[in-house]
Amino acid sequence: MTISITINGKKYKAKKHQSILTVLRENKIYVPALCYHPDLCVKSNCRLCVVEIKGRDGLYTSCSTKVEDGMEVITESPEILRTIRTNLELIFAQHKEECADCIYRYNCELLKMAKKYEININRFKDRKIGVKKYRLGDVLVMDPNKCINCGNCVEVCHKQKVDFWRKKEVDGFFEVMPNEDKTKNCVYCGQCVIHCPVGAIEAKGEFEDIEKPLENKALGKKVVFMVAPAIRSTIGEEFGLEPGTVVTGKLATAIKKLGADYVLDVSVGADFTTTEEAKELIQKFKNKEGVCLSSCCPAWVRYVECNYPEFRKNIATTRPPHIIMGGLVKSYFAKQIGVKAEDIITVSIMPCTAKIYEITRKEFEIPSTSSGRIRPVDYVLTTRQLAFLLHKNNINLAELQEGDFDNLMGEASGSGVIYGASGGVLEAALRNVAGEIKEKLPVVFVSGLDKAKQILEELKEDPDKYAGVEVMACPGGCVGGGGQSVPTNKEIIKKRAEGLRSIDNQKTIKRPKDNPIVNKIYKDFLKTEKIIKKYCHTNEEN
Amino acid sequence: MTAFIEKLKKSGLKGRGGSGFPTFEKWQTVLMTKAEQKYLVCNGAEGEPGVKKDHYILANYPEIVIEGIKIGLETFEKSKAIIYLKSNYYREFGGKLKELIGDLPIGLFEKKGGYLAGEETTIVSILEGGLAEPKGKPPYPCKAGINGCPTLVNNVETWYHIAKIDKGEYKKSRFFTIGGKVKNPGVWERDEKYPINKLLKETDNYPDFDFFVQSGGEISGEILLPSELKQTARGQGAIIVYNREETDGWELMQKWINFFHQENCDKCTPCREGVYRIKEMFDKKIFDQKVLKDIFYVLDKTSFCSLGKVVSIPIKSFYQKIGL
């Protein structure tokens with residue numbers, strides 16, 4: 001039902017049940033809000049989004065107040081200004097400014113507010129100075145000195161059914177900290193990172209270590225960047241482009257400008273993952289070996305390992321795309337360019353924080369040229385980190401010429417690209433095996449660990465309910481990943497996924513089976529089951 | 001409107017938990033809200049220091065409280081009741097109450113958490129198994145409380161008066177607690193508008209020294225001078241007497257602000273950070289009027305719940321009337 005409201009003397013249309021804040025945002029009328037996130041519950045904790053309502057006493061938080069027909073809202077008054085200023089100064093007193101090494105340096109909501117409202121950010125002494133940081137498995141770092149206690153991380157972690165973050169009282173304050181219950185493990189999905197309004201949680205080395213991969217060039221190494229599917233429809237946002245804008249070509253140019261020797265497309269790796277995972281799915285189904293669970297989301301894999309170990313054996317042994325890609329780069333590709341595996345540094349550009357942990361898993365290691373084993377992927381940079389690196393080097397992606405990925409590893413099929421959004425992995429596998437089996441294959445795909453938990457519970461009841469399950473831990477899939485640009489919300493995620501679909505629509509080769517490079521590498525390199533296992537499947541004996 | 005709610009309306013009874021909301025309005029809302037399950041809560045959290053009236057009622061008239069709840073159970077179809085008690089009350093009166101309850105659908109619940117755990121939306125959250133944090137209003141608990149069911153939260157004393165109203169014995173009385181520097185601390189039932197000075201004199205508690213009074217409760221109550229005692233006590237009806245000469249103002253203000261700092265839930269910025277900044281000043285015995293004014297302003301205007309909104313009352317009235 002449409003109603004009419006007045007904002008600052010001007011009439012606007014609104015829908016019944018909308019909050020005042022939603023209507024303000026739709027009409028691009030600014031009110032500051034930190035704890036508000038469209039995908040989370042309205043908590044109204046920060047108390048910044050206050051407005052006046054004509055005929056009513058006091059101030060109202062616009063996030064928690066619904067519009068009513070004929071309502072007259074005022075967003076600017078001396079009272080509102082005074083309130084916002086003091087509350088903002090109080091918030092700044094919780095947040096240690098480390099702007100020089102913060103990923104939000106180019107895009108900080110807090111600083112924007114400080115400037116707009118001309119506040120003294122140091123009116124109060126920082127309250128939490130000296131509180132120890134929480135380091136989570138060398139993947140995420142939470143700095144309580146920056147946390148403004150909004151509770152978004154606790155809520156989103158609970159929504160994911162992980163419940164790692166929680167609030168506990170210390171010295172009269174309820175502070176965010178890891179759960180003391182040791183059965184609640186962080187799975188590194190990074191949803192807390194992208195829902196934190198002030199950068200209190202970040203990926204490890206999010207700022208400090210981003211130069212490291214390219215420093216290897218000075219040591220005579222070849223640096224190979226490998227770009228995940230979900231990056232190309234997201235990273236443009238960091239340079240002012242609309243969410244969902246596809247920037248594949250510009251991205252290739254930008255990375256070359258940074259100094260990378262080669263830029264490859266992880267979607268090609270995805271074509272191998274699809275081929276192998278589809279084989280596994282069909283084999284498990286035909287041999288009645290139980291459900292086949294997808295393996296390319298490391299947060300999901302860790303969630304199963306921590307919470308449902310009985311399903312560990314059901315996870316496909318097929319390696320995730322960038323791991324296969326890294327292995328092929330350090331073997332097949334290395335030979336092509338005449339370089340030893342040890343002299344290649346692979347850098348995965350990922351929408352994901354859990355990938356930082358994934359590359360350290362021993363079962364993905366591959367044989368080196370000399371002796372011993374090496375990691376297929378040496379570094380992971382998130383979408384945010386790559387964007388930061390580009391900004392830092394004054395490379396404006398939006399204005400670059402279109403370039404190309406290096407074609408030594410060929411071009412991906414459409415299947416390889418849709419991997420970045422929920423449902424894509426399963427669809428790719430099904431495209432590849434279409435017509436191979438006659439029976440009905442019960443499959444399901446979900447995103448978000450809450451839904452994954454439901455599926456596992458269903459499987460506990462009825463192990464044959466599904467033959468194949470695709471899970472992406474982040475809502476919407478990798479386009480909503482914990483390494484992606486901020487803000488990330490449902491609407492933005494949808495546009496990023498549509499961006500990937502548009503690439504698929506333009507591809508003439510839709511599935512790995514029909515991709516010449518895939519067939520060539522199987523013919524020339526992945527010739528035996530033993531070699532395939534070495535490069536495309538987990539090796540538990542490692 | 002049922003005959004009893006009509007009676008309730010006529011009686012003019014206001015909630016005795018401190019906010020003074022007309023009781024019949026809550027009852028009417030619960031009545032009118034269709035639901036498969038309705039909850040009645042008898043709030044015996046009595047978290048405000050200096051207030052002992054619910055304790056007094058539970059010790060002396062538990063059967064009348066249960067009678068009141070029974071009227072609620074009869075008024076609302078598909079209703080269950082919960083007597084929500086602070087821990088020591090639970091231990092002290094649990095046995096007796098269980099006896100009186102018999103097989104009525106009334107449960108006992110031991111309060112978890114501190115001061116805030118007596119606030120009605122926080123009670124709802126706790127009874128749902130959630131955090132001891134207030135919830136946003138609307139929806140009000142009487143429309144959608146415990147698990148979304150209409151929930152009527154009334155104070156112990158309110159339930160007591162409900163039974164009295166039903167029997168036609170309600171005389172617009174309330175229970176006053178007298179404490180602090182007095183000879184005869186205790187609880188007295190008097191007319192709801194009874195002046196503080198008259199009550200102090202009658203109970204042989206009127207000081208023969210220079211004094212001031214805190215009206216309502218020992219933490220959130222307003223400071224009143226002897227010349228202001230023709231009014232009745234506010235909030236939960238406690239009257240605390242202080243010896244003006246012997247009272248250390250800093251110590252008193254520190255006590256208040258420490259209490260708020262410890263007992264708030266830290267949900268909203270002004271209460272979490274603002275209260276801490278006042279505490280910081282008082283710990284160092286600094287009195288920065290400008291900072292205080294700004295923080296009181298955001299506490300009064302933007303606190304999420306009523307706890308934050310009362311912080312300024314004792315402090316402001318103390319330094320305006322008594323000074324440091």
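At what angle do helix α3 (residues 53–60) of chain B and helix α7 (residues 156–167) of chain B pack, and how far apart are their axes?

Before we start: this is a predicted model, in which local features need pLDDT of at least 70, side-chain atom pairs count only at pLDDT 80 or more, and totals for chains, interfaces and linings use all residues. Residues are numbered from 1 along each chain as its sequence is written, while chains are lettered from A and ligands numbered from 1 in the order in which they are written.

**Exercise 1: the helix pair**

Take the opening question and describe the packing of α3(B) and α7(B).

Step 1. The angle is about 50 degrees and the axes lie 9 Å apart. Axes are lines fitted to C-alpha atoms, for helices over the stretch in contact, and angles run from 0 to 180 degrees between N-to-C directions. Helices (H or I, at least four residues) and strands (E, at least two) are DSSP runs, numbered from the N terminus.

Step 2. That angle makes α3(B) oblique to α7(B); under 35 degrees counts as roughly parallel, over 145 as roughly antiparallel, 65 to 115 as roughly perpendicular and the rest as oblique.

Step 3. From α3(B), B:K53, B:D54, B:I57 and B:L58 meet B:V156, B:E157 and B:Y160 of α7(B). Contact is counted when C-beta atoms, placed from the backbone, lie within 7 Å.

Step 4. This contact has 4 nonpolar, no polar and 3 charged residues. Ala, Val, Leu, Ile, Met, Phe, Trp, Tyr, Cys and Pro count as nonpolar, Asp, Glu, Lys and Arg as charged, and the others, Gly among them, as polar.

**Exercise 2: a sheet in chain A**

Step 1. Strands pair if DSSP finds at least two bridges between them.

Step 2. Now zoom in: β13(A) pairs with β19 (residues 468–472) of chain A over 2 bridges, and A:L293 stands opposite A:V469 in β19(A).

**Exercise 3: between the chains**

Find which element of chain B gives the most to the side that touches chain A.

Step 1. The contact takes 21 residues from chain B and 22 residues from chain A.

Step 2. Elements of chain B giving two or more residues are α9 (249–263), α10 (269–283) and α11 (289–302).

Step 3. α10(B) gives the most, with 7 residues.

Notes
Contact = placed C-beta atoms within 7 Å.
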